[in-house]
Amino acid sequence: MNDRVAFVRAICEEPEDDLVRLVFADWLEENEQADRAEIIRVQIEIAGIRSRGGAHSRCCYSCGVIDCRLPVLREREGRICKANSTRWIVSCPRSSVGPGVTSDWTRGFVNRIHLSIAGFLTHAKELFGTHPIERVVLTDRDSLHPAMRPGWADIDFVHPNNRRGLPAA
């Protein structure tokens, strides 16, 4: 097993542990993947600000949020993603499960994926083995036979190691 695989496995096993993600970011930087390392660090910093109640896009002295880094971090995040999205798509589940799949990245990894039931059933092991996915949204639930819809309609698939709870829809 190579170092990258070991890091990804550790991140998937302990999705809440940002220390492992940051060590992986250091490894990526040492292995000439500075942008990938930076997106992990930037998104961890954004998540930290948001968890402390600083989700505002500007300084807000009236509500006590004084952390003005969020707009700068969001700009960096957008710039890095725009410059690298084509290259990084290979590590995103979208490349393995076909078109019509979208994903949301948080703290440097895919954490939510939108795909068909067939795509999920076919690729679930691969998806959960390469990203600490916290939520799967099935895009074709409405195409099920009406008798099956109640069983699938409100199901959120949560990674077994996810202790954060479901993100807001």
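Modeller: Let me start with a term we'll need: a helix here is a DSSP run of H or I that spans at least four residues, and helices are numbered from the N terminus. Phe128 lies in such a run, helix α6. Please keep in mind that this is a predicted model.

Biologist: Thanks! Why is Phe128 called buried?

Modeller: Buried means a relative accessible area under 20%. Phe128 has 18%, so the word buried applies.

Biologist: And how far apart are the C-alpha atoms of Phe128 and Asn111?

Modeller: They are separated by 9.7 Å, while along the chain the two residues are 17 places apart.

Biologist: Let's step back. How many helices and strands does the protein chain have?

Modeller: There are seven helices and three strands. Along the sequence they come in the pattern α-α-α-α-α-β-β-α-β-α. Of the 169 residues in the chain, 38% are buried.

Biologist: What makes the strands a sheet, and in what order do they stand?

Modeller: Two strands count as a pair if DSSP finds at least two bridges between them. β2 and β3 have four bridges and run parallel. The three strands form an open sheet ordered β1-β2-β3, with mixed pairing.

Biologist: Which strands are the edge strands, and what makes them so?

Modeller: β1 and β3 are the edges, as each pairs on one side only. From one strand to the next, the twist averages 20 degrees.

Biologist: Which residue stands opposite Val136 of β3?

Modeller: That is Ile113. In β3, Val136 and Leu138 point one way and Arg135 and Val137 the other, and all four are buried. Between β2 and β3 the chain passes through helix α6 (residues 117-130), making a β-α-β crossover that is right-handed.

Biologist: What does right-handed rest on here?

Modeller: Look with the strands pointing away from you: the crossover is right-handed if the path from the first strand over the helix to the second runs clockwise.

Biologist: Now to charges. How do you know that Arg107 and Asp18 form a salt bridge?

Modeller: The cut-off is a side-chain nitrogen of Lys or Arg within 4 Å of a carboxyl oxygen of Asp or Glu. For Arg107 and Asp18 the closest N and O atoms are 2.7 Å apart, so the pair qualifies. Arg107 sits in the loop between β1 and β2 and Asp18 in helix α2, so this bridge ties together parts that are 89 residues apart in sequence.

Biologist: What other partner does Asp18 have, Arg21, and at what distance?

Modeller: The closest N and O atoms of Arg21 and Asp18 are 3.8 Å apart, so this pair also meets the 4 Å limit. The two residues are three apart in helix α2 (residues 18-30), which means a separation of about one helical turn.

Biologist: How many salt bridges does the structure hold?

Modeller: Seven. Another of them joins Glu75 and Arg79, with closest N and O atoms 3.8 Å apart. Both lie in helix α4 (residues 69-88), four residues apart. Glu75, with 47%, is partly exposed, and Arg79, with 42%, is partly exposed too.

Biologist: Finally, which residues have the most contacts inside the largest nonpolar core?

Modeller: Phe24, Leu28, Ile40 and Phe109, in a core of 20 residues. Helices α1, α2, α3 and α4 each supply at least two of its residues, and α3 gives the largest share, seven. Apart from this core lies another, of 11 residues, including Leu115, Ile117, Leu127 and Ile133.

Biologist: What is Ile40 in contact with, its neighbours within four places in sequence left aside?

Modeller: Its contacts are Arg21, Phe24, Ala25, Leu28, Arg107, Gly108 and Phe109.

Conventions
Residues numbered from 1 in each chain as written. Predicted model: local features only at pLDDT ≥ 70, side-chain atom pairs only at ≥ 80, totals over all residues. Heavy atoms only, no water. Buried < 20%, exposed > 50% of the residue type's maximum accessible area, 1.4 Å probe, protein only. Axes fitted to C-alpha atoms, helices over the stretch in contact; angles between N-to-C directions. Core = buried A, V, L, I, M, F, W, Y, C linked by side-chain atoms within 4.5 Å. Contact = heavy atoms within 4.5 Å.
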